[in-house]
Amino acid sequence: MIRTLNGVTPKVAETAWVSEFAYVVGNVEIGEYASIWPGATVRGDGDDAIVIGDYVNIQEGSVIHGNGLTLEDNVSVGHSVVVHCDRVGSGSLLGNNCTILNNVTLGENCLIAANSAVLNGSQIPANSFVAGAPAQVKRPVTEKQLSAMRHTTEELVKRAKWFKDSGL
């Protein structure tokens with residue numbers, strides 16, 4: 001469901017897919033081949049847009065909210081994730097049930113482990129594997145992890161196309 005708030009309607013790229021059971025409202029921009037899955041909420045009620053880049057997937061049950069929040073290209077947001085930060089760098093993957101709080105910046109190709117909580121104000125360097133509650137950088141991501149992260153993004157682009165082409 002795509003809704004206008006205070007005269008501002010989300011901008012959705014022609015190739016993107018937004019489930020009819022997702023809720024996208026207000027100052028939101030969704031890029032090419034992005035997908036917003038059932039039960040996800042993207043709430044753009046700030047002055048600055050939530051920008052969802054190309055090839056981004058936001059999976060079931062996730063909540064995206066922030067003023068000027070940017071999810072760069074090729075980001076995967078797992079199931080039931082809360083994203084309330086400033087920036088998620090290109091190629092990053094946010095594991096199921098993790099929480100990314102206010103004023104956080106994640107560099108490119110970061111892997112945030114499931115159930116982690118990245119605390120307010122954290123600045124996570126590119127290529128970091130992050131885990132825990134509170135979350136800490138554990139080590140650099142491995143080539144195997146990077147490959148799996150890319151695969152997730154590619155697979156969800158394919159699956160979203162199936163849904164879009166099916167009229168769902």
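Mentor: Start with the contacts of one residue, bearing in mind that this is a predicted model. Leaving aside neighbours within four places in sequence, I58 is in contact with S35, I36, W37, A40, V42, I52, I64, L71 and V77.

Trainee: Which residues touch the most other members of the largest nonpolar core?

Mentor: That core has 35 residues, and I36, I52, I58, L71, V83 and L94 touch the most other members. Two or more residues come from each of β5 (28-30) and β8 (50-52). Another core, of 8 residues, lies apart from it, and includes L111, A113, A131 and M149.

Trainee: Next, loops. Is N27 buried or exposed?

Mentor: Buried means under 20% relative accessible area. N27 has 18%, so it counts as buried. N27 is found in the loop between β4 (23-26) and β5. Not counting residues up to four places away in sequence, N27 touches V8, G44, G46, D47, D48, A49 and I50.

Trainee: Why does G39 count as partly exposed?

Mentor: Partly exposed is the range between buried, under 20%, and exposed, over 50%. G39 is partly exposed because its relative accessibility is 44%. The loop that holds G39 runs between β6 (35-36) and β7 (41-44).

Trainee: What does G39 touch, not counting residues up to four places away in sequence?

Mentor: With those set aside, G39 touches F21, A22, G61 and S62. For separation, compare G39 with P10: they are 29 residues apart in sequence and 17 Å apart in space, C-alpha to C-alpha.

Terms used: Residues are numbered from 1 along each chain as its sequence is written. This is a predicted model: local features need pLDDT of at least 70, side-chain atom pairs count only at pLDDT 80 or more; totals for chains, interfaces and linings use all residues. Side-chain values use heavy atoms; hydrogens and water are left out. A nonpolar core is a set of buried Ala, Val, Leu, Ile, Met, Phe, Trp, Tyr and Cys residues joined through side-chain atoms within 4.5 Å. Buried means under 20% relative accessible area, exposed over 50%, partly exposed in between (1.4 Å probe, protein chains only). Helices (H or I, at least four residues) and strands (E, at least two) are DSSP runs, numbered from the N terminus. Contact means heavy atoms within 4.5 Å.
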